[in-house]
Amino acid sequence: MVDDFRFHIIEKLIDEVGSDDIDDSVLEVPPDPALGDYAFPCFILSKKLKKSPQAIAEWLAGKWKPDAVIVDVKNVGPYLNFFLDKSKLSGQVLTKIINERADYGKGSDSRKMMLEFPGPNTNKPLHLGHVRNMLIGVAVGNLLRFQGNQVINTNINNDRGIHICKSMLAYKLFGDGQEPDMKPDHFVGKWYVRFAEEAKKNPDLEVQAQELLRKWEAGDKETIDLWKKMNAWAFKGFQQTYSRFGVRFDKEYFESQHYKKGKKYILEGLKAGVFQKDDDGNIVADLEPFGLGKKVVLRADGTSVYMTQDISLVHEKFNDFPDLDLSINVVATEQNLHFQQLFKILELLRYPFAKKNYHLRYGMVNLPEGKMKSREGTVVDADDLVQEMVDLAHAAVELRHKDLSDEESLARAEVIGMAALRFFILKTDPLRDMTYDPKASISFEGETGPYVQYVHARICGIKEKSGRPIRTDIDFSLLKTPEELALVKLLASWPSVVADAAHKYKPSTVAHYLIDLCQNFNEFYHRRRVVDEERPALTDARLLLCECVRQVVEIGLGVLGIDAPEEM
RNA sequence: GGAUCCGUAGCCUAGUCUGGAUAGGGCACUGGCCUUCUAACCUGCAACAAGCAAGAAGGAAGCCGGGGAUCGCGGGUUCGAAUCCCGUCGGAUCCA
């Protein structure tokens, strides 16, 4: 909770029983605040002292004298429970928040990190999987930055290969040179779908696509021009989606620019004996000793595989940013083995940056009907999804406010709809597979983004209505109801919560914290009146508490990439 | 066949790394909190007074209550296991 209080207790514990068994982690928070603010379970001393934990708790409770900070100590069964001076606790926590403002909970890490996401293919628009990828990428980036790190956002554009040639071929054959009449990446995707349809009727198209790829690799001008034109459409469309999701990149990589460069690293590795040639002439890495199988790193004909390119890409990254401490790839869990192999190969090649890579994996997003399959047309498009959420939010806003201008109403809908989507995706542990159920995701009640936003707006409303400034010279002893103390404790825990979330790359931890904080706030709000003309001192104290809750909600939402509106 | 991840109420989910007090939320279900209308004859509570009790409709980005869990299963370690270890079953993903 608050370190000062913790250390105080631990120091005194060490005085009593010695430092052998006591460290920072022995204190717990009791399940019910009525039991105490901190607890020391006496089991661990049982063996050494040859006494029952109950007897130890009783003995320690008898020896402990209340002081200015710990006002009471009680033994309950095998636990020794400590009661803090509540007004000292509130004073310390709320003053800290109000002084530090948006920096409350910021960490002091100072590493330089790179985050890579979402790595789109330029032959079709972004889909639901990319949505999860981007939301996790943005949120984890925010988390790491909030911990004090410098974070470089990068993106690898998979802009070459057979799949790109397929949409190119379809456009070439049936496109009649037309310009996009829709969002340009959707336009490109349309030709990819068209290719699949036509290829079913005419298998020769597959051969023609291969031919087109050869021409592309040979640098055929007409093919390159078409490729540039269609990729430009794709990028233009992606850019629109990125900006709606608040995604921006400091550095973009393009597969087409480095896919050939990997070859030399492979040949170096072959020379050094890290790789071998197999019977077919492929160059392979034998990762059997590490339980990772055998992996082809360069085909017999000298063409590259994904692994070749990825080795090359890692080189580029660490060349561009030599002082990088960590490079994080945000990629779905299905690539797990690939990254394990990649990192092991980097290690075998003895690259200095071998251990500075991390695969931040996340689970699949399935639909209630099962897996998304582009061939069966069950892919949920990212742009459609966003629009659907915003439209629903718009309807909800219109329902509540008839007198808003269209502009204001749409702006609110954007903020609320995006919050609903972001929160729905981010509140689940990234590692978990999740089912995207449109019906559940569009709800604005329960554990949702709008629920959290509403608390923020509500507090802004209370402040406004009170017509009073936030004062810090309040009487903290007035905050004594269970609801108020629960809020103070939750606020106190924010720094450790957000540090933990960053450490584990888990935005979901922040989402759950916010839900908890908001539930507690609403309970407080319904049970205790904040603005009370008759009791100005209490009003000031509660207003300060509200403002601190608001501040932390704003920070927390910000970390998740969600706006905190003052009205909604 | 091998590897990785997952298994917690009807459904979704936190907690698992770092073992401790009744396994925390949400959805759905259910009872209430609010507003309006009807009735205002009788009866009851209250009685200084406002009122409450019935029925119907509606509303809520909010609150309170209720039911609902062999923490997949079996074993082990431990004073203590959702958490650690072993085995097993089921699901997802990747590799072959």
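In which loop is the place of Pro118? In this predicted model, Pro118 sits in the loop that runs between strand 4 (112-116) and helix 5 (128-146). The peptide bond joining Phe117 and Pro118 is cis, with omega at about -10 degrees.

**Overall architecture**

- Chain A contains 20 helices and 13 strands.
- Along the principal axes, the C-alpha atoms of chain A occupy a box of roughly 85 × 65 × 40 Å.
- Of the 568 residues in chain A, 52% are buried.

**Surroundings of RNA strand B**

- RNA strand B is surrounded by 37 residues, and the closest are Tyr79, Asn336, Arg400, Arg432 and His526. Of the atoms of RNA strand B that come within 4 Å of the protein, 66% belong to sugar and phosphate.
- By residue class, the surface near RNA strand B comprises 17 charged, 13 nonpolar and 7 polar residues.
- At least two residues of this surface come from each of helix 2 (43-49), strand 3 (79-84), helix 13 (336-348), helix 14 (382-400), helix 17 (449-466) and helix 19 (507-527).
- Helix 19 contributes the most to the surface near RNA strand B, namely 6 residues.
- Arg458 places a polar side-chain atom 3.4 Å from a sugar or linking oxygen of RNA strand B.

- An open sheet is formed by 3 strands in the order 1-3-2, with antiparallel pairing. Strand 1 (38-41) and strand 2 (70-76) are the edge strands; each has a single partner strand, so one side of each lacks a neighbour in the sheet. From one strand to the next, the twist averages 20 degrees.
- Strands of a sheet pair through backbone hydrogen bonds, in either a parallel or an antiparallel sense.
- Strand 2 and strand 3 are joined by 6 bridges in the antiparallel sense. Asn75 stands opposite Leu80 of strand 3, and Val76 has Tyr79 of strand 3 as its bridge partner.
- The hairpin of strand 2 and strand 3 has 2 residues between the strands, and Gly77 in this hairpin adopts a positive phi near 55 degrees.
- Helix 3 (residues 53-63) lies across strand 1, strand 2 and strand 3, and runs at about 155 degrees to strand 2.

- Val452 belongs to helix 17 and has a relative accessibility of 0%, so it counts as buried.
- Beyond residues up to four places away in sequence, Val452 touches Phe423, Leu514, Ile515, Cys518, Val553 and Leu557.
- The C-alpha atoms of Val452 and Ala102 are 17 Å apart in space, while the two residues are 350 residues apart in sequence.
- Glu483 is part of helix 18 (residues 482-503). Its relative accessible area is 7%, and Glu483 is therefore buried.
- The side chain of Glu483 makes a polar contact of 2.9 Å with the side chain of Arg528.
- Leaving aside residues up to four places away in sequence, Glu483 touches Phe524, Arg527 and Arg528.

**Backbone exceptions**

- Most residues other than glycine have a negative phi, and most peptide bonds are trans.
- Asp176, which is not a glycine, has a positive phi of about 60 degrees. Asp176 is located in the loop between helix 6 (162-174) and helix 7 (184-201) and counts as exposed because its relative accessibility is 74%.
- Arg350, likewise a residue other than glycine, has a positive phi near 60 degrees. Arg350 is found in the loop between helix 13 and strand 11 (357-362), and its relative accessibility of 73% means that Arg350 is exposed.

Note on methods:
Residues numbered from 1 in each chain as written. Chains lettered and ligands numbered in written order. Predicted model: local features only at pLDDT ≥ 70, side-chain atom pairs only at ≥ 80, totals over all residues. Heavy atoms only, no water. Helix = DSSP H or I, 4+ residues; strand = E, 2+ residues; numbered from the N terminus. Buried < 20%, exposed > 50% of the residue type's maximum accessible area, 1.4 Å probe, protein only. Polar contact = N/O pair within 3.5 Å; in protein donor to acceptor, adjacent residues only side chain to side chain. Contact = heavy atoms within 4.5 Å. Near = heavy atom within 4 Å. Nonpolar A, V, L, I, M, F, W, Y, C, P; charged D, E, K, R; others polar. Pairing = 2+ DSSP bridges. Axes fitted to C-alpha atoms, helices over the stretch in contact; angles between N-to-C directions.
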